[in-house]
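Reader: I'd like to go through this one with you. Can you put it up?

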Amino acid sequence: MIRLDKYLADMGEGTRQEVKKSIRQGRILVEGAPVKKPEYKIDETKQRVTIDGREICYRQFEYFMLNKPAGVVSATEDPREKTVISLIGEAKRKDLFPAGRLDKDTEGLLLITNDGALAHRLLSPRHHVDKCYYAKIQGIVTEEDVKRFAEGVNIGTKECEEWTAPGGLEILKTDEASGISEIRLTLQEGKYHQVKRMFEAAGKTVTYLRRESMGSLVLDQSLKPGQYRRLTDEELESL
Ligand code: URA
């Protein structure tokens with residue numbers, strides 16, 4: 001059960017003050033009858049709510065798959081930079097956040113939701129959810145790197161070590177002439193700048209990075225950077 005004013009504000013029908021005004025004006029019907037009290041409690045799973053005759057269905061949780069473009073920060077608010085949340089034009093809820101961070105220059109799969117429990121399950125290393133990245137590397141990635149990554153890498157310093165968990169490194173392509181490699185890296189944790197720091201520890205530089213999947217959720221190839229869509233029921237169930 002939730003308050004009528006919260007129901008409407010959660011669904012993007014205005015600020016709490018604005019929806020209170022609409023309620024007092026008698027524009028809101030619950031089960032066909034006008035309700036003029038903002039504090040009136042309704043069962044959001046059953047009762048039908050309309051504003052000026054238009055039905056407002058309640059969604060407790062929203063889930064969007066965003067293909068994050070470079071140049072946008074993985075934050076809900078930022079005083080200077082454009083945020084990933086500002087890209088979700090259809091969002092109703094004000095409590096959306098990105099489930100995990102991608103660097104400003106990283107592209108790819110980002111789940112935008114207000115479901116904290118799901119985000120925690122996906123991100124916590126204890127839950128061993130694979131995050132899969134595609135990257136272009138300045139430098140020739142070798143089988144030696146594959147072995148090192150499989151054992152875990154010190155991304156700290158000699159004095160102050162910081163070891164990663166094992167990572168699954170797959171070499172997709174190496175080009176001796178340009179000195180550029182293409183790889184896929186699968187990690188189950190998300191330390192700060194982890195992919196870049198793992199390659200730095202191997203004496204190489206990540207020049208392009210894109211996340212392709214998180215657990216069962218795979219970036220939709222039809223989404224261009226900056227585009228998003230709601231998750232399908234099947235995607236949600238498999239998560
Ligand atoms: N690792 C990085 O270095 N950057 C990201 O954005 C994600 C993983």
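Reader: Which residues are around the ligand?
Author: They are Leu-102, Asp-103, Thr-106, Tyr-133, His-193, Gln-194, Val-195, Lys-196 and Leu-209. A residue counts as near if one of its heavy atoms lies within 4 Å of the molecule. This is a predicted model, where local features need pLDDT of at least 70, side-chain atom pairs count only at pLDDT 80 or more, and totals for chains, interfaces and linings use all residues. Residues are numbered from 1 along each chain as its sequence is written, and side-chain values use heavy atoms, with hydrogens and water left out.

Reader: How do the shell residues divide by type?
Author: Four are nonpolar, three polar and two charged. Here Ala, Val, Leu, Ile, Met, Phe, Trp, Tyr, Cys and Pro count as nonpolar; Asp, Glu, Lys and Arg as charged; the others, Gly among them, as polar.

Reader: Which helix gives the most to the shell?
Author: Helix α5, residues 194–201, with three residues. Helices are DSSP runs (H or I, at least four residues), strands are too (E, at least two), and both are numbered from the N terminus.

Reader: Why does the ligand lie between two domains?
Author: Because domain 2 (66–125 + 221–238) and domain 3 (130–214) both give residues to its shell. The domain bounds come from an automatic or database assignment.

Reader: What lies 2.8 Å from a ligand oxygen?
Author: A polar side-chain atom of Thr-106. For Asp-103, a backbone N or O atom lies 2.7 Å from an oxygen of the ligand. A polar backbone atom of His-193 is 3.2 Å from a ligand oxygen.

Reader: And how much of the ligand's accessible area does the protein cover?
Author: It covers 96% of the 240 Å² that the ligand has on its own. Areas come from the Shrake-Rupley method with a 1.4 Å probe.

Reader: New topic. Where is His-193?
Author: In the loop between β12 (180–187) and α5. His-193 has a positive phi of about 50°, although it is not a glycine.

Reader: What about the phi of Glu-31?
Author: Glu-31 has a positive phi of about 50° and is not a glycine either. Glu-31 is in the loop between β2 (28–30) and β3 (33–34).

Terms used:
Polar contact = N/O pair within 3.5 Å; in protein donor to acceptor, adjacent residues only side chain to side chain.
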